[in-house]
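Subject: Structure for you to look at, with notes

Dear colleague,

I am passing on the structure below, and I would be glad if you could read the notes that follow with it open beside you.

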Amino acid sequence: MSERKFKYVGTRPIRHDGVDKVTGRANFGADFDAPGMLHGALLRSPHAHARILSVDTRAAEAVAGVKAVLTGQELPKLQSMWMGGAEGGIDFRDIAENCLARDKVLYHGHAVAAVAATTPEIALQAARMIEVEYEELTPVLDLEAAVASDAPILHDDLQPIGATDPLPEGPTNIAGRVEFSRGDVDAGFAEADVVVEREFRTQMVHQGYIEPHACVARIGEDDQVVVWCTTQGGFAVKNYSAMVLQMDPAKIKVISSEIGGGFGGKTTIYLEPVAIALARKARRPVKMVMSREEVFRATGPTSGTIVRAELGAKRDGTLVAGRLSMFYEAGAYRGSPAGPGAMCAFGSYKIPNFYIEAHDVVVNKPKVAAYRAPGAPMSTFATESLVDELARELGLDPIEMRLHNAVDEGDQAPYGPVYGPIGLRETLEAARSHPHYKAPLGQNQGRGIACGFWFNAGMSSSANVSLHADGSAVVATGNPDIGGSRAAQAQMVSEELGIPVERVRPVVADTDSVGYTDMTGGSRVCFATGMAVIQASRDVVDQLRARAAQIWGVELDSVAWEDGRALPANGAEGDHEPLPIEELAQQMGRTGGPIVGKASLTAPMAGPGFATHLCDLEVDPETGASRVVRYTAIQDAGKAVHPGYVEGQYQGGSAQGIGWALNEEYIFDERGEMENPGFLDYRMPVASDLPMIDTVIVEVPNPLHPYGVRGVGETPIVPPLAAVANAMRGATGVRFTVLPMSPPRVLEAIDA
Amino acid sequence: MLSIRYEAPASVGEAVALLDADEGAKVIAGGTDLLVQYRSGLREPTAFVDVKRIPDLMEISIDADGLVLGAATPAAEVFENTEIRQLWPGVAEATDLIGSTQIQGRATLGGNLCNSSPAADTVPALIAVGAQAVIAGPSGERELAVEDFVTGPGQNVLGRGEFLVKLRVPRPGPRTSDAYLRLIPRTEMDIAVVGAGVALTLDEGGTCTAARVAIGAVAPTALLVPDAAAALVGSSVDDAALAGAAQAASAAASPIDDKRGTVAYRRKVTGVLTQRAAAIAAERARER
Ligand SMILES: Cc1cc2nc3c(=O)[nH]c(=O)nc-3n(C[C@H](O)[C@H](O)[C@H](O)COP(=O)(O)OP(=O)(O)OC[C@H]3O[C@@H](n4cnc5c(N)ncnc54)[C@H](O)[C@@H]3O)c2cc1C
């Protein structure tokens, strides 16, 4: 595998979807219109916690132009059924009631009723005329309030799941608990020469994808539904909507648009079942588009957290014990990423004794959704801050300290499996020898280092590769392309077939046109869908070889495939002229029919990704304002199919992590209303806030993939919180344990 | 859904008549505040009165008396004017802080003042240089100091039928200059948490003979702070004087705790920025 010489893999072709994107021609979620279409609008809850006593839609229905009004009571009532998953889990009852509240509203902005009308303005105006009678309840707005013994309870029937001891009995807001342990923690700490202990806190943050959620639902005369929408998974929209509406999934076809970012936030549904139900009532297509404010208030950010962390080491820097007690906000319904947060927390180090517990806690805030390496940035913020503190206390270089404890192939991950070949050590060594690490620091500057781990996902994928008569090809998969996956898939087809990338057209197929494919998430597309693409391409190659064998009248193994041509092999050499793909394709009608390669597979495991980040930060000691002056992201990609897009993932994840560290946070008032539902006051970094983020791609091939690929999309957001905090420690002398490190917080800490 | 009338008068008189006739009509200049407020449902005007076709509102003229700046001149044109940059560098830098390149193509200083946000960037800079606002209305023209224009968050002295025609800025004498600084957590596309504008004059020996200090985003309106100016006058703008100005500015601030900053934070940073802006203004004055 490692010796394989690649021709197309590892190059940087222009993405096939690029020109339309930079010229504005690409169609995103809100760009689609259907003839006769209505516009939907939602009425949202003004309370963070209340019982719905009655909903009166008469006034709205009377408005001219209104064609349908829908309340949560009109959706099928589902039974609660929790389905766990690596990155969280789902309960379709919760998904349904998050789309439209039934008996209770659980956060400010929770959708309560919907209207479809001839214009968006009429729909909105009519939605506001729906009268809802509420019985207000005390909102539960933070983790401590939620777990207090006298806390108001969000769900009377909430059954905690997971590790059971100790789990509360009776009504609770603790929806679940996981634990992982190894060795004897108390003995481990007793053995330690130095122990550091801190409590870390982070706030709810949003993915901040540029494109708001949008969809159009159309219902045919035969009740067949077509949904156009922006999503990370067409099949998820199809199957989830079918569950929520209790329909046959075969009745729903989903066509995913181009997607303006998702980062995990578009792995669930909000609008689609509502649009379908409205379309069914009105017998007209219905379009729904969220405003930015709705995106902030009522889609899925990631959890605010409290992480109590303790780490012990010997004088030489050997880590001997770790303990973590973590609480993750789930928002209104269970399903925070506490589990993956716990799985990743100690993923980078050999720690013989540890205990990790993590709680999934419901609060009256929007239900969280996946966000890039869900759960890992927060737990890693704690652990990497403590590793840094230990290195300081022991007088060790932070990279040496990490190298001393770094996991290698054969070590056991904290959550069980044994690592195969992994590249943590290589990323640390690359950091140590990088000019960034040796560059002198200026006044008021500090340098931070942090590592990060994400396990990556495999899951199910399908691909079809069809040959055209001119020898060009189309590759169709079911994964919306968020990070350049189409270009990478085309490169894989090129590599196998031996044709230029420009002659391969990669398409995102609708759910009726390609085999089942899990979502674009878990850093899985280039890895797992890529594997299906390679297999499907090899299927094409085998068929091409068979056609050549037929033409030549030889056995199949007497035909080799190289560089886009069939070559005689195994003794047949010299007897036949090579047959290029163009010629074989031209003859395919006569030699057996069209050539279509296909593959469907499930990748049970993926091959984890490790990264090391370096951050230089400058702080204005009089205002607390800080600026990242240099940043380097180093990560193992296994094999970078398209290095440019791999670097883009490193840079994008770093930028999001830096924003999370420095300025981003959901700010709620005492009633639970978000005070900053816009980009003015929800401060994501703008381009001028960041230096050009430098990247280093390390390649330790992943044996689970034919080219050695590992997922790269999520790991890059894991180290930055701690990398920035560690740099802040260097610049100010203060250890920050609360995010974001916004100027007022920094100044207060410096002046303290 | 209501439809909104759009009017584009060609003269001051016409504009006054339109505004006087319809209380729900709003002047629109660049629209970078108004359209955002309208689209988010904060304002529902009955008519937009576009003042960009009125020649008086689009002029920039500089003579011995100083600057006359039409209220609807885009920020980009103000900042690109080298004479303005030379004579009133603080006003120019405040102008250049508004939004981004795209926003500055539309945004106006008149709109910045009339929107009357306590955090408007050009307002403290204009107060520091002693700018006057020229207002037209049903009973003719009136003129008042910019520091007297804004009366509260989103509120100002404009009465029914009145609108801002232009700003007048006196020409700076020798060894006179100005500076404006603001604090935002990001580098752009943000709103001032604190702003400070300082204009001052030095004599030949480097002693400060006159100063005006204005602070923004730390009170219901931008404030002129005479005590901070007094700390500078008579000094060589040395560290002690700067510290005195900082202290006076911090004391004058009456900020609130909100999502953008705490009282303590804003108070302290008011002083820091005042001190820094004064040092920059003095440096510039020494070079003129
Ligand atoms: C992305 C973005 C970033 C921004 N960044 C900044 C920033 O950094 N700093 C800052 O200070 N502001 C900022 N703003 C706010 C805005 O751009 C400024 O306040 C700008 O100067 C407003 O000018 P305008 O011509 O667009 O005003 P408009 O929106 O046209 O008008 C604003 C208000 O003033 C009234 N008005 C306008 N002209 C007159 C007149 N001649 N007479 C009477 N009333 C009038 C209007 O009726 C309206 O109420 C930003 C806005 C956006 C959208």
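Cys344(A), for instance, is in no disulfide, and the nearest cysteine sulfur, which belongs to Cys451(A), is 13 Å away. Cys344(A) is buried, with a relative accessible area of 2%, whereas Cys526(A) is partly exposed at 27%; here buried means under 20% relative accessible area, exposed means over 50%, and partly exposed is in between, with a 1.4 Å probe and protein chains only.

Before going further, please keep in mind that this is a predicted model, in which local features need pLDDT of at least 70 and side-chain atom pairs count only at pLDDT 80 or more, while totals for chains, interfaces and linings use all residues. Residues are numbered from 1 along each chain as its sequence is written, chains are lettered from A and ligands numbered from 1 in the order in which they are written, and side-chain values use heavy atoms, with hydrogens and water left out.

Within chain A, an automatic or database domain assignment gives domain 1 (36–137 + 211–260 + 266–298), domain 2 (305–456 + 606–751) and domain 3 (459–603). The contact between domain 1 and domain 2 of chain A takes 22 residues from domain 1 and 25 residues from domain 2, contact meaning heavy atoms within 4.5 Å. These two domains of chain A bury about 2100 Å² between them, 58% of it on carbon and sulfur atoms; buried area is the accessible area (1.4 Å probe) that two parts lose on being put together, summed over both.

Two salt bridges are counted between domain 1 and domain 2 of chain A, a salt bridge being a side-chain nitrogen of Lys or Arg within 4 Å of a carboxyl oxygen of Asp or Glu. The side chains of Arg297(A) and Glu673(A) also meet in a salt bridge, at 3.7 Å from N to O. On the side of domain 1 of chain A that touches domain 2, the elements that give two or more residues are helix H3 (92–99) and helix H9 (292–298) of chain A, and H9(A) gives the most, with five residues. Helices (H or I, at least four residues) and strands (E, at least two) are DSSP runs, numbered from the N terminus.

Turning to the two chains, 24 residues of chain A are in contact with 17 residues of chain B, and the chains bury about 2000 Å² between them, 54% of it on carbon and sulfur atoms. Six salt bridges are found across the interface of chain A and chain B, and Arg276(B) forms a salt bridge with Asp620(A), the closest N and O atoms being 2.7 Å apart. On the side of chain A that touches chain B, H21(A) gives the most, with four residues.

Some backbone details also deserve a look. A cis peptide bond, with omega about -5°, joins Leu739(A) and Pro740(A), and Pro740(A) lies in the loop between helix H20 (720–732) and H21 of chain A. Ala373(A), a residue other than glycine, has a positive phi near 55° and counts as buried at 0% relative accessibility. Ala217(B) likewise is not a glycine and has a positive phi of about 70°; Ala217(B) is buried, with a relative accessible area of 11%.

With best wishes

Conventions. A disulfide is a pair of cysteine sulfur atoms within 2.5 Å.
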